[in-house]
Amino acid sequence: MKLDLLTSLYVFMLAAFIGFEVIRRVSPLLHTPLMSLTNALDAIAVVGAIILAGEGKSKLATILGTIAIVAATSNIVGGFLITDRMLKMFKASGPRKP
Amino acid sequence: MIATEHVIEITYLIATGLFVLSLKWLSSPATARRGVWSGEAGMLLAVGGTLLYQGIVSYRWIAIALVLGTIIGIPLGRVAMTAVPQRTALSHAFGALCVTLVGTSEFYLRAPDVPPFMMGVLSLEVILGALTFTGSLMAAGKLQEVLPQRPITYKGQNIVNLGMLAVAIAIAVMLVVHPEKTYLFPVMMIIPLIFGVMMIIPIGGADMPTVISLLNSYAGLSAAAMGFVLQSKLLIIAGALDGASGFILSVNMSKAMNRSFTNVLFGAFGQEQPTAAAGKEARPVRSASPEEAAGILAAASKVVIVPGYGMAVAQAQHKVRELYDALTKRGVDVKFGIHPVAGRMPGHMNVLLAEADIPYDKLLEMEDINGDFPQTDVALIIGANDVTNPAAREDKSSPIYGMPILDVDKARTVMVIKRGMGAGFAGIENPLYYLDKTLMLFGDAKNFVGSIVRELTGGHG
């Protein structure tokens, strides 16, 4: 599916607005997990790297694509893991078990 | 054939929705973990969909890379909570590396036939990606203390840095006009790689929260640029979300340090380094022992603890938790006052205290706690300095004048746990320490808090 420049810009602009509105509501309490989560989501760039490494259009593309997959995958795995670990620690005060 | 293409598009569409929901659910601790799951589901769908792509001729390298990435990712997801700032900086570097490498391959696959608009976004992708890559590596190195943490500044630093950036942009413009001059491409990539290093050299520890946020934003924008190049809506949206998040955090951090946003954007960090306190005569301060401190805390009814980077360095958060427990048991109301730039990244203190099992509803942001200080019996400061300095409110000549601070000096008694009388990061003296109501508790944060806890629990067996 082809996207022209204008459509891309529309998509970018609307996504940026949604991002501002949604992220503004994130409590400062969770700003560290926010950063690690957006980092993991950002590693969706892996889809571009997968195609590059798989298409085999040139040796350079395959090599760079492979390294790029490694870098992005480590962000996906590490990012989700640490975000979940951090969020598990946030507990409200309630009746604590003795 | 067409069917598979549609399937891929649909997985991307669902993934995009899941990503937005993921961030929405992160807004409160109660739903936040659902946010992680939805992000993971979106990621699995999108990656799975991509693997169906008909153009893939060999899965060998993809499989090897996915396995290798997972092997590297798992330990990065298991680092200690105190190492989270450097881990985050490192992950910005990895993200930027991926984007830069993909951009480079795309250029050589398309050259010399690159339409002007494509060349423009490709240049943006590579320039942002390259400077974020080295910049984040430098930041991670400083945070891990393998690189010197002291800011290194020299005359004309900003001119040199901005000049480098200008040259890179000029080369990008030349490539847009003459994409067949492929020899320009490596130059366009190397300059921002150097720029990334130069940008972080003048930055000291206390500026790290702003810098990490800014690098986060750059990483997101470079991924969005990659989305323009690959014409992928999914990538444009994910990049825009990440960019927006980093941008909001950078603005928050710069406000909390009373710096203008342009000041942050152009990397004019850590400029003021007055070597105050050096030749000054020591003014008298009142100090106290753990026993005295424990006595005052036990007699209080309302206590606010203000943690700073010093608490993280001393690994004192678990002892602080014991103190919290001991005081709560005695019926003392204990809360925590968190300054937005306390620590080395946004939200750093909250994560450390949550790790130590302190309930998150006891962690209050600056605006929420400042009204409480006049009714507070004891403000206990552990490893924080500049964010409590009343000079920011009163002394117009102070370099930090105007920076929002925690009004600890309004509490009835102030206790400061500190190693010695050295000035804070900004090298500014803190008049708080010389107030009549202030007691200095000299020692290592972890040991000192431990001694107070022993005093408090000792009597109760």
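Reader: How far apart are the end C-alpha atoms of helix α9 of chain B, and what should its 24 residues span?

Author: This is a predicted model. In it, the end C-alpha atoms of α9(B), residues 233-256, are 34 Å apart. At 1.5 Å a residue, the 24 residues should span 34 Å, which agrees.

Reader: Is α9(B) mostly covered or exposed?

Author: Mostly covered. Of the 24 residues in α9(B), 21 are buried.

Reader: And what follows α9(B)?

Author: B:Asn258 follows α9(B), and the phi of B:Asn258 is positive, near 55°.

Reader: Switching to the whole chain. How many helices and strands does chain B have?

Author: Chain B has 17 helices and 6 strands. Its radius of gyration is 25 Å, close to the 23 Å that the globule rule gives for 461 residues, so chain B is as compact as a globular protein of that length.

Reader: What box do the C-alpha atoms of chain B fill?

Author: Roughly 75 × 50 × 35 Å, along the principal axes. As for burial, 52% of the 461 residues of chain B count as buried.

Reader: Back to helices. At what angle do α11 and α17 of chain B pack?

Author: About 60°, with the axes of α11(B) and α17(B) 8 Å apart. An angle of about 60° makes α11(B) and α17(B) oblique to each other.

Reader: Which residues make the contact?

Author: From α11(B), they include B:Pro290, B:Ala294 and B:Leu297. From α17(B), they include B:Phe448, B:Ile452 and B:Leu456.

Reader: Is the crossing left-handed or right-handed?

Author: Right-handed, as α11(B) passes α17(B).

Note on methods. Residues numbered from 1 in each chain as written. Chains lettered and ligands numbered in written order. Predicted model: local features only at pLDDT ≥ 70, side-chain atom pairs only at ≥ 80, totals over all residues. Helix = DSSP H or I, 4+ residues; strand = E, 2+ residues; numbered from the N terminus. Rg over C-alpha atoms; globule rule 2.2 N^0.38 Å. Buried ≥ 20, exposed ≤ 12 C-beta atoms within 10 Å, placed from the backbone. Expected span 1.5 Å × (residues − 1). Axes fitted to C-alpha atoms, helices over the stretch in contact; angles between N-to-C directions. Parallel < 35°, antiparallel > 145°, perpendicular 65-115°, else oblique. Left-handed = near helix turned anticlockwise from the far one by under 90°. Contact = placed C-beta atoms within 7 Å.
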